[in-house]
Amino acid sequence: MMRKSALLVGGAVASGLAAAVLSGFTGATTQQDPAAPAAPSAAASAPPAYTIAAGDSAFLKGPKQPILFRHDIHAGQYQITCQYCHYTAGYSSEPGIPSMQTCMGCHLIIAGADSSNQKEISKLRDAWNAKQPVEWVRIHYVARHVHFPHQRHVKGMGPNACATCHGDVARMPQVWEVNDVNNMGWCINCHLERKVTRDCTACHY
Amino acid sequence: MAKATPGVLASFEHIDAACDTIRALREKGHRKLTVYYSHPNHELEEACGHATSPVRLFTLIGGLTGTTAAFAMQIWMNRDWPLLVGGKPIVAIPAFVVIGFELTVLIGSLATLFGTFLLSVGMRNKGVIYDGRFSDDRIGVFVPAGGAEAAGVEKMLREAGAVEVKHAAA
Amino acid sequence: MSDNDQKSVSRRRFLSVLGTTSAGAAVLSGCSTEKVEKLIPYLVQSEDQVPGVATWYASTCTECSAGCGLHVRTREGRAVKLEGNPEHPVNAGKLCARGQAGLQGLYNPGRVKGPMRNSGGTWTQITWDDAIALLAQQVGAAGAGLAVLSGAPRGSFTGFLADWTSAAGGRLVRWEPFDQTPLRLASKRVFGRDEVPSHDFAKAKYIVSFGADFLDAWGPTVEHQRGFAESHGFSREGGMAKHVYFAPRASLTGLNADEWHAIAPGSEALLALAMAWVLLGERGIAAPEGAPRVSLEQAAEATGLKAEEIARLAKEFAAVRPSLAVAGGIGSQHAGAVELCAAVLLLNYAAGNIAETVHFGSDLDRGDGQAAFASLQRAMDEGQVKVLLVHEANPVYAAPRAGKFGEALAKVPFKVSTSLYLDETSSQCDLIIPGLHALERWDDAHPRAGVWGLMQPVMEPVYPNRHPGDVLLAASQKAGGVFAKFSAANWEAYLKARWAAMPRPSDQDASAFWRAALARGGVYVPEPLTPVKGVVAGAVSVEPPAIEGTGEFTLLPYASSLLYDGRGTNKPWLLETPDPVTKITWHAWVELHPEAAAKLDVKEGEILRVTSAHGSIEAPAYIYPGLRPDVVAVPMGFGHTEYGEYAKGRGANYLDLLGPASGEFMPYLGTKVTVERVPQAYRKVAKTEGNTRQLGRGIAEAMPVAFAAKGLTVEEAAKAAGHPRHEINTEAEVEALQGWRDGQVGREDGKGRRLGNYAGEHPMWGMTIDLGKCTGCSACSTACYAENNIPWVGEDQVLRGRELSWIRIERYWEGGTDGEPVEARFVPMPCQHCDNAPCEPVCPVYAAYHTPDGLNGQVYNRCVGTRYCANNCPYKVRYFNWHAYAQKAFVAPFELQLNPDVVVRARGVMEKCTFCVHRIRGAQHTAKITGAPIKDGELTTACAQACPSGAIVFGDLNDPNSRVRQVAQDPRGYHILEDINVRPAITYLAKVVHREPAHAAPGGEEHH
Amino acid sequence: MAVAVHDAPTQTHADVTRDVVATLAPATKGYYLLLFGAVGLFLIGAITLLLIVKEGLGLAGYQPPVFWSVFITTFVFWVGIGHAGTLISAILYLFRSPWRTAVYRATEAMTVFAVMTAALFPIIHIGRQWIFYWLLPYPNQRYLWPNFKSPLMWDVFAIGTYFTVSTSFLIFGLIPDVAAVRDKATGWRKTVYSLLSLNWQGTDNQWRHYSRAYLYLAALAAPLVLSVHSVVSWDFASSLIPGWHGTIFAPYFVAGAIYSGVGMVFTLLIPLRKYLKLEHMITDYHFDNMAKLTLFTGTILFYAYGMEYFVAWYSGNTFEQTTFFRRAFGPGWWAGWSMIIPNAFLSQLLWFRKIRTNLTSLFVISIFINIGMWFERYVIIQSLANDYVPYAWDQMNPTWADWGILAGSFGWFGMWFLLFAKNFPVVAIQEIKEFIPMPRKRAGGHH
């Protein structure tokens, strides 16, 4: 990749001064090979939709969630579009976590095909009746000094926008972090490829 | 020293004696002399008759590399992510001159050091005997010579005024 | 927002959501990348709360009785910014510093958390049920011994209180310390109208103020300032009104006058009458009967002005119409205040200003006056009052100690306070039923005839408190008896019922009317203006006011435009915002004229002891030239003994020096004092000002109205006046300009600015600031604090000059000697966003750089803190985080007010004005998804939005039709420090004055 | 060649080696006292720095608009000190001036340690010390590069280069002397010195390349000396602050640097010479010559100060005029005069040979030179206190944190210098021998 070679040149020139520092601080900073962002296709290795023994989703990739919400079933099997639940992503900087009401909208009726699903869905219903919101484990996070306007990226990148960063969740029984979205180089690569702004105050203010 | 070079080591107190001896030896065809002395001394340097050291080439090449590297780096990095500051052009050569100069000096002198070490300093001259007093007030002359030849060399050295003569056996 | 129930469900959730969704999270961690672990969803997503998108609610400001309309910006269910409601007739979208800081009343750590019972000085938390039970029992037993002392703005709730108390045969007293009783009584006396008239400054062509600080704290200041800017701000078509100010001290209003005459305290009435007589003569009309004859000589003798001076001014005043003369306000409220107001009303009458610029019928909100207050106190003293409910009033602090209200209060068996904070009064009560902040409750305000402003809960209450209405209704039901008729389910229902009974357009049913009002922030109908019927005979008599006590100085306490009557003192923003006149922050002071200071051998900061018959107070001296030598002026609002950590023990309360109120109003200007130096005592005055003079550096330019009318530039005007400004080397100018064009906008041959983001067309954001309109009120600074999460640094850091005010108001004295400056000039100084910005090239890491759209970008997270940029900034508008200021300042619950769109800066980074880049980017995002380009005017900065004078205009300089582009081409336009060629994006419009502007010779050494 | 250099011929090469090696004899109590003193000061600085990193730069006496303060003052001060060394060792070497030999080693060491001290300050003084390495052009995942148009970047390179080059120059010159010490030493010391001597044996071949290389290093170092302080001066001169924005800054700073450097040499060498009993090698002759150098540079400063005021007056620029008026008569007048008096006037005493050759007077003067030069930088930075916008004016106002760091810097410097003086030959054995003719069989002979 051109960027990589370019970097190498720069590196060679600068290494005289930089080498010591680099060795000393790469640990401290979030250094990573800018040329090799984890490709979305990595999601292909995800297992297809299948039944999971109730309760233990620990063996699945990604952090264990209080309720095993199967993106692979909702987005995959049933082809529900992302913005059905994360509906503010289209017009707000925040994608929004669907409210419990949104979940119950369907799951008042839908109780789940098999025992394992029923078990998870019942967890949801209990929470709803107890008026206790579910505490999801957060997966994607950008630093506070970065402003990432979802609406603009959804608008600009069309239907496949979400997968570009979040990976192909339609094939993830439990979501894991496909890309380190908190890595500036990764953002910049994309902006370079698409020839869009690299102005600092586009994200930092 | 594992495999010592056989030869004769004479030490002198008088510089003129030493110089004469060295010249005499070189005329006799002893080209591989090793001369020890404690400070830069042009008399001895003349006597040994060496050509000018090639170390300056290192300096030159190093310096030029520095200059080019500096400007290449600055121009490329400025164009790699162009940002306007103070209404100045992206590639502002006058502003780059300083670092151009600094890197010239830096890489130039590092190259010089490297060259010197490569050529001599820090390179142990193998299997030639040495005497601590050479760094003090004696001048040492080592003549590689074995067997019968050694005796003749010693005789000649003593006549030339060596205050002390040692033999190094194989 | 019609269906409130669903919203309130979501609101009930917001506190749990708040700390945890990425947008809602308090962004305190600044540049750190520490991760929020949990995501907690809304249980029910309310349709008007979209994460990441601001929701606006209309409401009404309650910081004073002016009743300005608000637009409240909320994010993830919490109010983050207050702006004026453009539809509101009083403030028309503008808001003053106090209004901007309203948020800090809402999120104040000093708020009472739930009801509390006071048993022998120790407070214990109790449940609401217990509180209501207790209240019911006490109230039920009180009968006619029930009394309510309320300071709240007039509205449904005060109406309710009236009904409620009268039901029990008790009494309600509405007491506002800064009510306008003298003006009211004067109107009654002169025109038989028992009301406070309103003044139309916009129409007046000549304004004379007799000590009325209409820009500081007298009446609806935002409305006044709007009007003042309209008439007194120069325009080539309309010219410019003249403003003459008579008072012992030059307040902010005085500093904005074309002429300030330091007349003797108490002589205003004579002056007004003398002017009236001249005017009558000029206009050749008969004197209204009963107007006492006052000669110029009498007036001259009393005021200390020259007779011909008075004649000149009177003639000028007579020459134009409509004109406006105003009187009233704390600064001139002496024993003769009623006579003064009466005399001025007479002057207006003679000048034909009644119903032109002075309007009766608008009936401005005002309290019941001192008399009612005094009689209540008497009743308390005599033990007639069994139960006293104190609502939004703090008499223990705001009434002079000599009045002994505290003692009277102690005699009341059961005292209840609805105060949000533990202030001097509530801390002496037996029960606190903490009320709700205006942004948390249903309520309305009726500041004047024709205006009913609504308040609605824009968010879930920060603390589990209740609207006093709810509590009283509940208690009434418990108590039964005479109270049984107050049977509304809750306060909201009661309020809606009252509104349903309001006159409304025939085509609207009650709920439609209500919904419309809610959306507009209230109902506004034209004021029912009613003409006056002649002058009541013998209306005006003039005896010089009595000023009690002995001592060489007259004490002049004035209402601080930031702290008002002291209710602002618990808001750090208002404490850190420098006083517009003295530029002092965080502590109280005593103003002394240079001559007096010389006589007493006092230097700034040396502690003075001010002693009156009623007490003595110590405070650091501030040498202020805008004062009569025989007067010491002191700001009100300091010296709280309670009222939260920020107010407590800060400075001295000068009311303690005053005598008790006698008669119908409080004579603030009523006592003489002695002033002495406390030996060896010193306190460095925490002012943000380095040098008081601009040393002829052309920072704040001014020109006479004659030149401005001719359309001269600053350069030409200066030449015409014979003061050529510092010459600019035109050659260098042209060259530099060329280089700048190449860098900024690209050369004609298309080369130059063509790399990366800089290729192609961009907007070029710019600003204009009209110094002819700026009054120095500091609303913009406070708005900026609120918009950009700027932390306050506290007194010790201000003393080190480390305040972070992104837009500071510089105040320079001009001309005259140090003692008698000819004029003051105000310069709002934000980042100038220079195109040849000197701060940019010196940053080693590109943290400061130039954006394609002409902003001077500052990337906080890239900044390593070399501070070179700040050194190299000629305007000194870059501010450094020497400590973790934000983390120290925004303690809970203050962090809830943080604007999620703006990063909170961490320690060790540089920050500065960004032209509200987050608003720009936000607008661009919206434009992108809607496809509609940003229209001029729909995007503006916080300071421009707030400015009550409309002095600041923001927009795209590359758009030939934009307003900012038009204004920037005004001949008065100039750039500060033009000759160092940094190409600022801000164009200042020179101030216009009604006289030859003062000029300092360049390079003169400074005066302090 | 010069004869008066050393009291040769009473001295032989053997004497020189003996005397110099004698300076490395086990140290006395007094030495350790000094050393501990230095370490103590250094610790004070270290603790102050820790507090600053924890609490923020606000601990120091920064008072906007003075955004730089004692730290940068001290930084420039130490960079300046560094200059005498390389000047004497490199430039005078190229001029073949005889009097440098006896003193250059000590001054060169001083240079290296002074630059080591200075190099700490760019890190200490920034707001977020833990990311100082962002100033270096290293490839990173952000694709960001530093701004080479910033004088601070020039600084990074100039100081870095200067440190590297002067250090290698010092070490290079040391090699033959370390070898000489090695041949005299015994036990573990011998092993250490043998390692450090890098197999130096003084063979004809080694000398041949060595002396050439030394020449080129000197040739490269010479312009470097002039460049470094010029670059530092451009930190100020390339900005637009009145009082900084001057074209004479580069020469003015370089002269000042040498002035302060030689001053520091006096302060260090006069006691050192006594303590290490080197009176017959470092003689009045050397001090006299260095004093002349001081006089010369001091006079340049005198001119520069005068010129600054002249330009301020002649330019008719009100900003410049105010600044310079306040320098002399403003709130910071005391600093202004404690710069002008020692630097401009005291240096003029050196016109008198009596004073030049009287070590006591030289020592006293040198102390004042150090103080004066520190204040010169302080005053220059104080120009920030009153630049364009009068409303923003304020005075700078140092605190304990500033003094802590200042003390620490002296401790750090002293520590290194003391350690060096006792473990390495502070006089260049080989070069002194160059000036002592070796014995000859034939009388008269070579000269």
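Student: What share of the 1008 residues of chain C counts as buried?

Tutor: This is a predicted model, in which local features need pLDDT of at least 70, side-chain atom pairs count only at pLDDT 80 or more, and totals for chains, interfaces and linings use all residues. Residues are numbered from 1 along each chain as its sequence is written, chains are lettered from A and ligands numbered from 1 in the order in which they are written, and side-chain values use heavy atoms, with hydrogens and water left out. A residue is buried when its relative accessible area is under 20%, exposed when over 50%, and partly exposed in between (1.4 Å probe, protein chains only). Of the 1008 residues of chain C, the share that counts as buried is 68%.

Student: How many helices and strands does chain C have?

Tutor: Both kinds of element are DSSP runs numbered from the N terminus, a helix being H or I with at least four residues and a strand being E with at least two. Counted in this way, the secondary structure of chain C comes to 31 helices and 38 strands.

Student: Which elements of chain C do the buried residues of α6(C) pack against?

Tutor: Helix α6 of chain C spans residues 181-191, and nine of its 11 residues are buried, among them C:Leu183, C:Leu185, C:Val190 and C:Phe191. The helix is followed by C:Gly192, whose phi is positive, near 65°. The buried residues of α6(C) pack against β9 (198-199), β13 (324-327), α12 (337-351) and α13 (369-381).

Student: Is C:Ser781 buried or exposed?

Tutor: C:Ser781 lies in helix α25 (residues 779-787) of chain C. Leaving aside residues up to four places away in sequence, C:Ser781 is in contact (heavy atoms within 4.5 Å) with C:Thr577, C:Ser805, C:Ile807, C:Arg808 and C:Ile809. Because its relative accessible area is 3%, C:Ser781 counts as buried.

Student: Which residue of chain D forms a salt bridge with C:Lys876?

Tutor: A salt bridge needs a side-chain nitrogen of Lys or Arg within 4 Å of a carboxyl oxygen of Asp or Glu, and the count between chain D and chain C is one. The closest N and O atoms of this pair are 2.7 Å apart, and the partner of C:Lys876 is D:Asp387.

Student: What area is buried between chain D and chain C?

Tutor: Here 58 residues of chain D touch 63 residues of chain C, and 37 residue pairs are in polar contact, both residues being at pLDDT 80 or more. A polar contact is a pair of N or O atoms within 3.5 Å; within protein, one must be able to donate a hydrogen and the other to accept it, and residues adjacent in sequence count only if both atoms are side-chain atoms. Buried area is the accessible area (1.4 Å probe) that two parts lose on being put together, summed over both. Carbon and sulfur atoms give 56% of the area buried between chain D and chain C, which is about 4800 Å².

Student: Which three residues of chain C lose the most area to chain B?

Tutor: The contact takes 16 residues from chain C and 10 residues from chain B, and the area buried between them is about 1200 Å², with carbon and sulfur atoms giving 65%. Together the three residues account for 48% of what the side of chain C buries, and they are C:Leu755, C:Tyr758 and C:Tyr846.

Student: How many residue pairs are in polar contact across the interface of chain C and chain B?

Tutor: Between chain C and chain B the count of salt bridges is zero. With both residues at pLDDT 80 or more, the number of residue pairs in polar contact is four.
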